[in-house]
Every structure is written in structure tokens, then in C-alpha cells.
Amino acid sequence: MAKKRVMVPAENIDLSAVKYQQEEIKAPHLTGFFLKLFVWIVEAPIIGSLIISVLKKQNKMTQLLRNTVIPEGPMFKPEFPPQEPETGVVVIDEDGKPEDRVEVALKCLPNYDPATCLSGEASLSFRYWKIRDYAYAYRSKIATPSMVAEQIISALEEFSNKKPPQPLLLSFDAEEFRNQAAASTKRFEEGNPISILDGIFVAIKDDIDCCPHPSKGGTTWMHEVRPVSRDAVCVSKLRSCGVIFIGKANMHEMGMGTTGNNPNYGTTRNPHAPDRYTGGSSSGPAAIVASGLCSAALGTDGGGSVRIPSSLCGVVGFKTTYARTDIGGALCDSGTVEIIGPIASTVEDVILVYSAILGASLADRICLKPSPPSVPDLSLYESLNVLGSLRLGKYTEWFNDVHSTDISDKCEDVLNLLSKNHGCEIVEIVIPELHEMRTAHLVSIGSECVSSLSPECEDGNGVKLTYDTRTSMALFQSFSASDYVTAQCFRRRIMYHHMEIFKKVDVIVTPTTGMTAPKIPPSALKDGETDMQVTVYHCCKSSWTSCHFCTCWL
């Protein structure tokens, strides 16, 4: 009989005795025939359960979930801790109209100089047009949404003909796209644009509903059992601001991966290096923004799915606090870690899109009682020297646990810049129980995925999933109700640790991922791959608490 591990209450942990342990995942890296064989084995009735059980024991999951006594009770949904009023922010009315919220956010941005922004650097061969660049061009009659739409259609045709293929979108309707652009162009001609977002092009991840496109979730069959009849809540809010939707962007099937690999429709490639992955699971949204075709995109994120591809593609991804945005109308709309978040080329564009889509659902407001949402007042930063007052928390051993020291060195350079040029204070911190956090997150998001997918998979669609998704499902289906409750007890402990840390610092800083974009193995294009080592380096920096804390991924 295994020996029980009795944990001391979280508040009694001696942080000076905490020793950082590098995560070591024991799992095979498989592609092609061996991946197919492995899936056949783990799905077999008896031997499959045995293999999964061995893998869980080798990775210390069984001991943690089945033989640990945790004094804290479970936290089944993230909670909003008491919070002191913030300075340098503007509270946004989540009950107001999306276009009104965008207008408030717009006034919080630094002064816009079209001469500087539109001319750009002469030495740059490429630069991103920001939302305000497009807005200025439309209002000055330099361009129209219809003109830009035609350029996008030409670019998409070029991408589809590239060798190797670079599938950015899973659903695109040129006529419907032109109709949206024409309607926006007419509003500008009549002098009645709806908001700063009118005429701005946005891509939507394939697991978020956007009429008239189907929501496949990267599968070959989900749209057949779940037809789309209306926009997701976040999409509806953007549409009311005049946004033009380009279509549904590619993704890692059902969000169950961090590379962006999708054998069903082709794997989206990194715009900066086509032989490398974009990261996932919001691979298409990040790649299409990084390609310059869209100002912004919406993705979903439960364990890094917005932040990872944004980092690897060189754009900005924002995982909001849980319930800050209404996830209604997404395939993953019943979990406790997943959110809908924006991807854009700049922080200011993320702020504008976020201000449009924010607003908790009625159920979450009643249950969670979130504090009022806000956006930073960037127009005041120079006068108030807000950056100089920030305390940046750095857990050095965790910060430096990366695949290549080039990553930690570059991130260290950023911290030095913030410290020397802006006066930020670097504070050494300790984050205990990181292994417990990772395991609890895996159990939580995995169990919620199974709960969401089981009705469809029981009807025979499970075998239509890709091999790496089926590998993940085999693991997730092995988690018991007891495992899930244990994970939520760990969630409460992790919440306590973060609350204590944020009494000392304002932000926790860490590299977004522990490795740069990995190369795409040719053998993985047809049938996918499973590589848990890559997943760990991608996900180990991702915050799981999903609560009202600020973690900065560099």
C-alpha cells in the first residue's frame, strides 16, 4: 500500500525550504506508424488502461492525486479575491454598449500621430498597421474597407498556393466577406462609422461561433452534430462595433495541443519561419495576425492556447481573467479555465478589442461577483511614471528553466531595461508547488474536455479525431471524480500562494514559453505527433489560477 503524503496547510509552508525541481516528463515522442500503434494500444480495453496507469505513476501523478491528504477544501471555480483600488486605470462599464466601451478605451491610449505611424521606419521592409492606422486611413479617404478586403483576398490566394501549403483559414466566404466590407465602406461614405473598430478585419478561431461559418473545432465532423445558428457573445459584440470577420482560423484539433499541428486541414506554419510550428492551439489566429492580414483575432485559452502561439509568432496575446469575457457560443463554454481572448500586433490594439468583448455572463456575475473591469490609462503613463512604481516578481530558478539560455538571457535584458530605464523594482519570489499546479491543471482541463466531448464521441465520432487528440483523450478519460476534486483542492492552495506573492509584487514575470518555435517534423504532417516534452516547455510558464492576478509573459 502506498504511503500517504500529508500536506501542511498552505499558510504554514516555509518558503525558505522550497526547492525548485525541474519538470521531467516521461512519455514517448511519436509520429507516423508508431503513433498509430500507440493509439491502438492505449485504446484497447485492458492493456490501454495498464499503459496509461504506468505513465501516470512514472510522472508521479498517481501519488499526487490518490495518496495525498490536502487540508484545504476544493475551489471548483476561480474566485475573485479582495482587491485594493488601482491607480492609473479607467473602470469600464460592462453593461454598456460595446462601441461605448471602445470609445472609453480609445481615450486611454497615447496621442496618435498619423504622420509618424503611417510613414513608419524607412529601413523596415514590413510593419503592422494598427487599428488606429486603418481608422485614420478610412476617415482620410486614403483607403476603404473594400479596398483592403480585396488585398486580403489576393493575399489569401497567395498563401493557399504556397509550397509548402500554409492553411490559415478553415472557412472563408469571399462574397460574404466583400458584403461586410461594402457595408462598412458605405458607413464611412455616409460619415457614420460605428466605432474605431468599424472596418477592422478580425479572424475568429474555429471553436468560436461566427455566422455564417461552421464551428468545427479543427475536426472533420463537429459542425455536423453542432450547427451554428448565431454568433458567440464576444463575436456579437465585435459585430456591433462594425468589425469585419475574415472567417474561421485554423487550430490544433479541439484545442488539445500546443504546437498547432492539424492533419485534417494542414498545419498552419509560422509566418516568420515556415518550417516551424506557430504554437497552439490558437495557431491560425496568431499566424494570420503575424502575417499582417488582420489587425486582430479571437482565440481561446485554457492553458496557454492564446499566449503560446502569440509568443512564437511575435505578436501580443492576452489571456483575460476567468469570466471577464462571456464564453457563450464557444465549443469550450462549460469549463472553469477556458476564456476567449484577443490577439493583436500591439498592446493598444489588444486593449481596444478587449474593451469591446469584455463583460461577464449573468451566471458568472452572480456566482463569482467579479470586481469591475478596467483598462490602463496609457495617456497618463509619462506624467504619472506608473512603470517606475511597479514591483516585478521573479522566481529565478523557474525563470531560467528554459530549453535554451538565449531565451532567459533575452528576457533578462528586458527586465534590465525596465529596471534601468523606467525604475521598476525586481523582487525575488518563490512559487511553491509548481508540480502540483501543473498536474491539477491537466486534470481540470482534461476532465472538462472529456465532459464536453463525451456525448459526441460516444456516438462513434471519437475514432474520427486525430491520433494525438485520441492520445490525450485516453489520458483524460482515466481521471476519476476523486482526481478532479483533488485538483480543485490544489487550486485553492495555488490561489493562496499567489495571493501572498501579490502582497509583495505587482506582476510576476517569466518567459512566455521555455523554447522557441520547434521545427515541424515531416513525418508529423500526415498523422500528427505527440511530444509531451515540447508541451511542458510551452505550458510550464502558463498561470493556471485564472484569477485576478497579473502575470507578464516576456
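## Exercises on helices, a sheet and a ring pair

Y134 and Y138 are four residues apart in helix α6 (residues 131-139), so about one helical turn separates them. Helices (H or I, at least four residues) and strands (E, at least two) are DSSP runs numbered from the N terminus.

Before we start, a word on the model: it is predicted, local features need pLDDT of at least 70, side-chain atom pairs count only at pLDDT 80 or more, and totals for chains, interfaces and linings use all residues. Residues are numbered from 1 along each chain as its sequence is written, and side-chain values use heavy atoms, with hydrogens and water left out.

**Exercise 1.** Find out whether the rings of Y134 and Y138 are stacked, edge-to-face or tilted.

*Solution.* Start with the rule: rings of Phe, Tyr and Trp (its six-membered ring) pair if their centres lie within 6.5 Å; planes under 30 degrees apart count as stacked, over 60 as edge-to-face and the rest as tilted. A search of the whole structure finds ten aromatic pairs. For Y134 and Y138 the centres are 6.2 Å apart and the planes stand at 40 degrees, so this pair is tilted.

**Exercise 2.** Describe how helix α7 (residues 145-160) packs with helix α8 (residues 174-189).

*Solution.* Step one is the geometry: the angle is about 155 degrees and the axes are 7 Å apart. Here axes are lines fitted to C-alpha atoms, for helices over the stretch in contact, and angles run from 0 to 180 degrees between N-to-C directions. That makes α7 roughly antiparallel to α8, a label for angles over 145 degrees. Step two is the contact (heavy atoms within 4.5 Å): residues including P145, A149 and I153 in α7 meet residues of α8, among them F177, A181 and F188. The residues of this contact divide into nine nonpolar, three polar and two charged. Nonpolar covers Ala, Val, Leu, Ile, Met, Phe, Trp, Tyr, Cys and Pro; Asp, Glu, Lys and Arg are charged, and the others, Gly among them, polar.

**Exercise 3.** Work out which strands stand at the edges of the six-stranded sheet.

*Solution.* First read the order of this open, mixed sheet: β5-β7-β6-β10-β12-β11. β5 (169-171) and β11 (316-317) stand at the edges; each has a single partner strand, so one side of each lacks a neighbour in the sheet. Two strands pair if DSSP finds at least two bridges between them. Two bridges join β5 to β7 (residues 244-249), and these strands run antiparallel. Within them, L169 stands opposite A249 in β7.

Notes: Parallel < 35°, antiparallel > 145°, perpendicular 65-115°, else oblique.
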